[in-house]
Amino acid sequence: MQITTARLVLRPFRLGDRRANAEIFADSDVRRFSLGILGAQAANERVERSISEYKRLGYGMLAVEDKRDGTFIGTLGLTGLGPSLRDAIPSRPELQIAWQLAKRVWGKGLATEGAQAVLEYAFHVLRKPDVVAITAQINMPSRRVMEKIGMVHQPTEDFLHPEMPSGHRLRPHVLYRVARC
């Protein structure tokens, strides 16, 4: 699976992506809506999990390259939700879209461009009936991307993230959904 847009190439991860991916996960600005930065080992485990998931399911989180120069700029794709996370969400969704791009490419519409292409793939190739996205309630940049790609906030599906400490400002999470037309 490779998805090409006007400015991006979204492709399966390669082990060679680990260093550039680890640099993004080590950026405190990029990770400000998460429980903190990740060290190289934890970031590398995510790459390996993405490779495994892609081989097993035929989809997963994808490496994002700038089409102009082939530079690795982040991750974007489809992934399942772990059991504790699914149990925390009333509708127990199966599939989510997620992204994390390097700070240097923020504000250029790249997350929106890539996410729209991934949704088209989910609906037209994988024939998925719907896709959700979740984020911390206070993560307005990601919420704006969700709205731009046609996702709608589902207030009855909002939840407290089970992996966030009680009382943490990031624990309240929102869920957005879009269905195949």
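Arg11, Arg14, Asp17 and Glu65 are joined in a network of salt bridges. A salt bridge here places a side-chain nitrogen of Lys or Arg within 4 Å of a carboxyl oxygen of Asp or Glu. The model is predicted: local features require pLDDT of at least 70, side-chain atom pairs count only at pLDDT 80 or more, and totals for chains, interfaces and linings use all residues. Numbering starts from 1 along each chain as its sequence is written, and side-chain values use heavy atoms, with hydrogens and water left out.

Arg11 and Asp17 are both buried. Accessibility classes follow relative accessible area: buried is under 20%, exposed is over 50%, and partly exposed falls in between (1.4 Å probe, protein chains only). Across the whole structure, the search returns eleven salt bridges.

Two further pairs were examined. Glu23 and Arg19 form a salt bridge at 4.0 Å, N to O. Both residues belong to helix α1, residues 18-25. They sit four residues apart, about one turn of the helix. Helices (H or I, at least four residues) are DSSP runs, numbered from the N terminus. Arg19 is exposed, its relative accessible area being 64%. The side chains of Glu94 and Arg86 also meet in a salt bridge, with an N to O distance of 2.9 Å. Glu94 is exposed at 56% relative accessibility. Arg86, in contrast, is buried at 18%. Side chains of opposite charge can pair when their charged atoms come close.

Glu113 is located in helix α4, residues 110-124. Glu113 counts as buried because its relative accessible area is 17%. Its side chain makes polar contacts with two side chains: that of Thr5 at 2.5 Å and that of Arg7 at 2.6 Å. A polar contact is a pair of N or O atoms within 3.5 Å; within protein, one must be able to donate a hydrogen and the other to accept it, and residues adjacent in sequence count only if both atoms are side-chain atoms. Beyond neighbours within four places in sequence, Glu113 contacts Thr5, Ala6, Arg7 and Leu8. Contact means heavy atoms within 4.5 Å.

Ser50 lies in helix α2, residues 40-57. The residue is buried, with 8% relative accessible area. Ser50 touches Phe13 and Met61, when residues up to four places away in sequence are not counted. Ser50 and Lys108 are separated by 58 residues in sequence. Their C-alpha atoms are 25 Å apart in space.

Conventions: Helices (H or I, at least four residues) and strands (E, at least two) are DSSP runs, numbered from the N terminus.
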